[in-house]
Amino acid sequence: MAMPAGGDPGDERILLARDAARSGDRSRLNLYAPPTGHVLDPYPEFWALSNMLARPNDVDSARIRDFLQRYPGSWPAEKLRADWLRYLGKRGDFGPLLAEFGNLEQPDQDIKCYHHQARLSSGDPALLPEVRPMWFSLVDTPESCVPILQALAREALVSPDEIWGRVRRLMEAKRTTGAKGAASLLPFDQQPASLDLERAGANPSTWLDRLPVNFAASRPGRELALIALARLARDDPQGAYARYVGLNERFSAAERSYAVGQIAWQAAAKLMPDANAWFKAAGDTPMSEEQAAWRVRAALRAGDWKAVRTAVEAMSADQRAQPDWTYWLGRAHQAQGNREAARKEFERIAGHPNFYSILADEELGRTFTLPKKARAPSADEFEQTRQTPGIQRAIALFRLDLRTEGTREWNWTLRNRDDRFLLSAAQLAQQLGIYDRAINAADKTRNEHDYSLRYLSPYRERVEPNARSRDLDPGWVYGLMRQESRFVTAARSGVGAQGLMQIMPATGKWVAGKLGMSGYNVGWLQDPDTNVMLGTTYMRMVLEGLDNHPVLASAAYNAGPGRAKKWKDVKPLEGAIYAECIPFNETRDYVKKVMANAVIYAALFEGRAPSLKARLGTIAASDGSTRGLGSAAPGAGLDEPTPGAGSNE
């Protein structure tokens with residue numbers, strides 16, 4: 001095995017240990033585990049102990065405790081402790097679990113539930129009232145949490161109505177197994193047959209066609225019909241509404257509100273114009289956060305500012321405080337002539353480098369201004385950060401191309417650090433060319449900021465000439481690249497997008513063909529020069545194919561030109577409303593961040609920020625077509641590959 005250039009003589013042992021860990025070769029792992037004075041000494045031993053925990057009949061808890069004592073506060077210690085607690089929880093070994101749980105800094109939900117089980121077994125009287133909120137918040141339910149939920153029902157700390165509410169939520173989320181488990185906790189005379197619950201969710205049209213005449217005589221009969229209506233609405237909101245109209249008199253007022261609220265939610269997510277009216281018909285039925293968000297979006301698409309205000313004010317306090325909804329509440333007040341109320345909402349979120357804060361500043365008559373640049377780290381600050389063990393381990397892991405482990409070690413080491421440490425870490429990562437971690441560190445500062453680190457612009461000798469030659473705004477190109485890859489040249493997404501501009505192989509081939517480049521090889525995408533050339537060319541193509549509008553083009557880069565065009569309205573639409581109403585969560589977040597990034601990069605490059613609201617502009621009315629670049633363009637059809645992989649945090 002060749003040792004990486006500039007490496008430590010002990011690097012080979014680390015890489016051999018990692019290979020052994022991946023193959024589960026325990027004997028080789030134990031051979032490499034003893035420390036040798038290498039900065040990454042904890043890792044071979046950590047991998048060996050983790051492998052041991054995967055074989056539950058041969059666990060040496062004394063070895064684990066020894067490791068935890070020798071490497072306190074480290075990422076390997078945190079991860080090993082978490083794995084050990086899972087092992088103890090699965091075995092029901094609750095004494096050691098209770099003793100060790102408090103030392104775990106960031107427990108996952110499944111470990112929290114093992115701890116709850118341990119407290120339950122010890123007869124802790126405060127446990128069940130304390131964990132009751134889990135009943136309403138958990139959707140993806142770890143197996144370790146099931147006994148806690150069962151105990152809540154057994155002790156009558158949740159009512160039958162609340163149990164039915166959980167069944168509904170789980171069926172809405174397609175968690176049929178969990179819904180069956182929740183339904184089994186109902187009083188016997190209210191329990192639906194397990195197979196009926198499955199059938200109502202899997203074949204809603206058939207279920208509704210075969211409803212017995214007296215289905216509404218029982219709670220299970222009505223609930224199964226409501227579940228079928230909600231599930232049918234996912235595919236066909238209009239058809240579900242037609243079915244609802246034929247059945248609504250059989251339901252109670254609350255059940256009618258639930259049904260039409262579900263239909264409205266799915267219609268809104270499909271950008272159907274009826275959604276706003278259906279949400280109004282749903283009244284004050286309880287809604288999940290996602291459903292409440294789509295209620296606002298439906299009103300925005302309809303231009304119904306009164307409904308926007310009503311929908312935001314109906315949200316929970318936590319959701320209403322999010323910048324998105326604070327901004328739209330301010331806009332609703334503004335549209336209704338309540339200027340002082342609008343100003344108060346905008347002031348709540350102004351002054352920060354994000355999409356809605358920048359827009360709020362502009363509503364207040366201010367443009368985005370870069371904060372005063374922080375004092376550069378002193379030599380002592382820089383050296384102290386560089387000598388931090390976690391930072392040294394992270395850098396060594398990146399050197400060995402163990403990027404996943406390096407990122408975890410880096411992020412863990414930065415937790416709870418002050419601004420001076422974060423700025424030093426960002427500068428160090430920049431110097432080493434670990435650009436994504438430089439951004440990560442600079443992004444975390446609270447009072448002292450350096451936006452030249454937070455919004456790095458490496459490869460300018462490649463990027464700017466390509467942007468200028470294609471008449472693209474360099475700030476927009478950098479804003480997109482920052483979101484796509486964080487400037488990691490070897491970045492590869494789960495769907496196959498590659499390189500600085502995260503280009504899908506099929507898209508790269510198509511663009512290369514348009515440029516007359518023969519002999520295309522997917523390996524080209526890993527070359528920064530070629531990647532930037534192909535990516536900026538594609539940006540120009542989608543921009544020209546989509547009204548020369550950067551919001552549409554940004555959406556197209558992530559989700560495909562066909563989708564970007566399909567999401568337009570039959571009437572002109574404010575750019576910010578278009579962005580907020582993008583149906584895909586990833587693309588919606590991506591477009592907002594790219595457009596905000598572009599403004600901040602412009603401020604860095606040109607010394608003055610342009611108006612974000614002006615850049616968002618107005619999206620022209622749809623012409624009914626869903627193809628933006630012609631039939632040959634990858635990404636142009638709804639099921640075609642797309643160039644971008646989306647956010648890369």
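## Helix packing, a disulfide and a buried helix

Helix α22 crosses helix α24 in a left-handed manner, a crossing being left-handed if the near helix is turned anticlockwise from the far one by less than a right angle, and right-handed if clockwise. The model is predicted, and local features need pLDDT of at least 70, side-chain atom pairs count only at pLDDT 80 or more, while totals for chains, interfaces and linings use all residues. Residues are numbered from 1 along each chain as its sequence is written, and side-chain values use heavy atoms, with hydrogens and water left out.

Helices (H or I, at least four residues) and strands (E, at least two) are DSSP runs, numbered from the N terminus. Axes are lines fitted to C-alpha atoms, for helices over the stretch in contact, and angles run from 0 to 180 degrees between N-to-C directions. Angles under 35 degrees count as roughly parallel, over 145 as roughly antiparallel, 65 to 115 as roughly perpendicular and the rest as oblique. Two helix pairs are tabulated here.

| Helix pair | Axis angle | Axis separation |
|---|---|---|
| α22 and α24 | roughly 25° | within 9 Å |
| α5 and α6 | about 150° | 9 Å |

The axes of α22 and α24 cross at roughly 25°, and α22 is therefore roughly parallel to α24. In their contact (heavy atoms within 4.5 Å), α22 supplies Pro323, Asp324, Tyr327, Trp328, Arg331 and Gln334, and α24 supplies Tyr356, Leu359, Ala360 and Glu363. By class, these are six nonpolar, one polar and three charged residues. Here Ala, Val, Leu, Ile, Met, Phe, Trp, Tyr, Cys and Pro count as nonpolar, Asp, Glu, Lys and Arg as charged, and the others, Gly among them, as polar.

Helix α24 (residues 355-363) also contains Asp361. Nine of the nine residues of α24 are buried, so the helix is largely enclosed by the rest of the structure; buried means under 20% relative accessible area, exposed over 50%, and partly exposed in between (1.4 Å probe, protein chains only). These buried residues pack against α22 (323-335), α23 (339-349), α37 (575-580), α38 and α39 (612-616). Asp361 counts as buried because its relative accessibility is 6%. Apart from neighbours within four places in sequence, Asp361 touches Ala350, Gly351, His352 and Arg366. Just after α24, Gly365 has a positive phi of about 85°.

Helix α38 (residues 585-606) includes Lys593. With 28% relative accessibility, Lys593 counts as partly exposed. Its C-alpha atom is separated by 15 Å from that of Ala603, ten residues apart along the chain. Cys581, at 1% relative accessibility, counts as buried.

The second pair in the table joins α5 (residues 75-91) and α6 (residues 94-101). These helices are therefore roughly antiparallel to each other, and their crossing is left-handed. The contact involves Arg81, Trp84, Leu85, Leu88 and Gly89 of α5 with Phe94, Pro96, Leu97, Glu100 and Phe101 of α6. Seven of the residues in this contact are nonpolar, one is polar and two are charged.

The structure holds one disulfide, defined as a pair of cysteine sulfur atoms within 2.5 Å. The bond joins Cys113 to Cys145, with an S to S distance of 2.0 Å. Cys113 lies in helix α7 (residues 109-121) and Cys145 in the loop between α9 (134-137) and α10 (146-154), so the pair ties together parts that are 32 residues apart in sequence. The link is right-handed, with 95° about the S-S bond. Both Cys113 and Cys145 are buried.
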